[in-house]
Amino acid sequence: MSFFELHRHSDFWEKPEVFDPDRFAPENKKDFSNYYFPFGAGPRMCIGNNFAMYEMIMTVASVVKKYKLSSQSSEIVLNPMLTLKPSEALIKFDERQT
Ligand code: HEM
């Protein structure tokens, strides 16, 4: 199954292309838990699930603490390899003044 398609399917998600982290708030869990499988499901589900989530939170937090990120482009071209990669996504890092 394509998780990419499932996670953007308009039958299951309201405004699927909109970046809306609040859709994943704990109080909305019943709305998305049947259609959201970033780490697979069942007996072969990803064993790195919790590790990956903590790693991402710590990495993003330490980067945005030091830098303000911005992009000139409004659209990101996707490059589907073994994992889904962005292509031509140029991001500018401005060091934050402390
Ligand atoms: C954002 C990061 C990650 C994503 C989105 C991800 C996603 C997935 C998915 C979709 C599967 C297939 C699950 C299934 O067949 O139902 C999987 C399997 C697996 N993942 Fe991850 N993963 C991530 C990070 C990691 C990390 C950090 C590790 C190890 C430290 C890891 C180890 C594994 C292993 C060993 C399997 C195979 C489990 C099995 O077949 O029994 N993954 N992952």
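Guide: A polar contact is a pair of N or O atoms within 3.5 Å. This cut-off is applied here to a predicted model.

Visitor: Which residue places a polar side-chain atom 2.8 Å from an oxygen atom of the ligand?

Guide: The polar side-chain atom that lies 2.8 Å from a ligand oxygen belongs to arginine 44.

Visitor: Which protein atom is the donor of the iron atom of the ligand?

Guide: A donor here is an N, O or S atom within 2.8 Å of the metal. The residue concerned is found in the loop between H2 and H3. At 2.3 Å from the iron, the only protein donor is Cys46 (SG).

Visitor: What is the geometry of the ring pair of tryptophan 13 and tyrosine 36?

Guide: A search of the whole structure finds seven aromatic pairs. In this one the ring centres are 6.2 Å apart and the planes stand at 80°, so the pair of tryptophan 13 and tyrosine 36 is edge-to-face.

Visitor: How many residues apart in sequence are the parts that tryptophan 13 and tyrosine 36 tie together?

Guide: Tryptophan 13 lies in the loop between helix H1 (3-6) and helix H2 (29-32), and tyrosine 36 lies in the loop between H2 and H3, so their pair ties together parts whose separation in sequence is 23 residues.
Tryptophan 13 is buried at 8% relative accessible area, whereas tyrosine 36 is partly exposed at 31%. The separation asked for is 23 residues.

Visitor: Which aromatic cluster includes phenylalanine 32 and tyrosine 36?

Guide: The rings of phenylalanine 32 and tyrosine 36 have centres 5.7 Å apart and planes at 90°, so this pair is edge-to-face. Phenylalanine 32 is buried, with a relative accessible area of 9%. The cluster is formed by Trp13, Phe24, Phe32 and Tyr36.

Visitor: What distance separates the C-alpha atoms of lysine 65 and glutamate 95?

Guide: Lysine 65 is placed in helix H3. At 70% relative accessibility, lysine 65 counts as exposed. Lysine 65 and glutamate 95 are 30 residues apart along the chain, and their C-alpha atoms are separated by 9.2 Å.

Visitor: In what order do the elements of the protein chain run from the N terminus on?

Guide: The protein chain has three helices and four strands. From the N terminus on, the order is α-α-α-β-β-β-β.

Visitor: What radius of gyration does the protein chain have?

Guide: The C-alpha trace spans about 45 × 30 × 25 Å along its principal axes. Of the 98 residues, 11% count as buried. A compact globule of 98 residues would have a radius of gyration near 13 Å, but that of the protein chain is 16 Å.

Key. Residues numbered from 1 in each chain as written. Heavy atoms only, no water. Polar contact = N/O pair within 3.5 Å; in protein donor to acceptor, adjacent residues only side chain to side chain. Phe/Tyr/Trp six-rings, centres within 6.5 Å; stacked < 30°, edge-to-face > 60°. Helix = DSSP H or I, 4+ residues; strand = E, 2+ residues; numbered from the N terminus. Buried < 20%, exposed > 50% of the residue type's maximum accessible area, 1.4 Å probe, protein only. Donors = N, O, S within 2.8 Å, 3.2 Å for Na, K, Ca; no water. Rg over C-alpha atoms; globule rule 2.2 N^0.38 Å.
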